[in-house]
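Please view the sequence and the model below before reading on.

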Amino acid sequence: MPTKKTTLTKDKVISFYMQSTLENNGKPKSVFHFAKDNGFSEAEFYNFFGKLEAVEKEVFNQFLSKTLELLDKDKDYENYDMKSKMLSFYFTFFELLTANRSYVVLCLKENNSVFKGLMQLSGLRNGFKDFVSSIITEEYRLKQEKFQEIQEKAIQESAWFQFLTTLKFWLDDTSASFEKTDIYIEKSLKASFELINVTPLESLIDFGKFLFKEKIQHN
């Protein structure tokens with residue numbers, strides 16, 4: 001009696017893609033070969049993705065989604081300050097990456113550089129920036145509303161660049177349990193939060209407003 005064919009799902013396509021990449025030491029060459037090797041049709045594939053590159057992007061999107069899901073389950077997380085939330089994010093995200101290190105290294109190092117492989121991280125980038133925006137607290141927000149949008153974008157972009165440099169460090173890390181990456185995360189985040197301290201910037205803005213008013217009055 002023939003076995004009943006299991007229903008293909010988005011998650012199964014992603015799992016097949018990661019497994020195929022690992023087993024063949026490289027990404028699938030075409031949708032046709034990928035589908036054939038995994039027992040489903042091209043038409044079924046296109047129910048979920050428009051091309052193979054979209055699957056690759058979704059893998060990293062799911063790393064992000066899973067990270068946020070795990071953080072959400074932590075009852076203490078909501079009460080953390082911005083720095084602690086960012087630390088929790090990093091440690092959780094890189095723990096997930098480590099569990100899938102063979103795939104991530106193969107996928108990213110195929111481009112010889114994390115920065116050259118940014119296309120596959122585009123969805124992750126957008127999600128990460130939204131996450132950063134969601135955890136900015138008043139402590140790190142300028143009082144002048146007209147500068148807040150500019151400040152938020154600057155924090156998002158600098159946080160993304162820091163994330164990429166951390167990812168590059170992790171890819172090259174050969175220490176046991178990637179303990180050097182943990183140290184890198186702690187030290188780099190400490191330095192970055194000292195740099196985004198708004199107190200000196202607030203003082204400069206207040207000083208600038210004072211000089212402007214003085215100039216108006218004298219004129």
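**Overview**

The protein chain contains ten helices and zero strands, where helices (H or I, at least four residues) and strands (E, at least two) are DSSP runs numbered from the N terminus. The model is predicted, so local features need pLDDT of at least 70 and side-chain atom pairs count only at pLDDT 80 or more, while totals for chains, interfaces and linings use all residues. Residues are numbered from 1 along each chain as its sequence is written, and side-chain values use heavy atoms, with hydrogens and water left out.

**Whole chain**

- Of the 219 residues in the protein chain, 40% are buried, meaning under 20% relative accessible area (1.4 Å probe, protein chains only).
- Among contacts (heavy atoms within 4.5 Å) with a separation of 6 or more, 70% join residues 24 or more positions apart.
- The protein chain exposes about 13600 Å², of which carbon and sulfur atoms supply 54%, by the Shrake-Rupley method with a 1.4 Å probe.

**Helix α7**

- Helix α7 (residues 122–135) has 14 residues and spans 21 Å from first C-alpha to last, close to the 20 Å expected at 1.5 Å a residue.
- Buried residues of α7 include Leu124, Phe128, Phe131 and Ile135.

**Packing of α1 and α4**

- Helix α1 (residues 10–23) packs against helix α4 (residues 52–73) at an angle of about 100°, with axes 10 Å apart.
- The two helices, α1 and α4, are therefore roughly perpendicular, a term covering angles of 65 to 115 degrees.
- Residues in this contact include Val13, Ile14 and Tyr17 of α1, and Val55, Val59 and Phe63 of α4.

How values were computed
Buried < 20%, exposed > 50% of the residue type's maximum accessible area, 1.4 Å probe, protein only. Expected span 1.5 Å × (residues − 1). Axes fitted to C-alpha atoms, helices over the stretch in contact; angles between N-to-C directions. Parallel < 35°, antiparallel > 145°, perpendicular 65-115°, else oblique.
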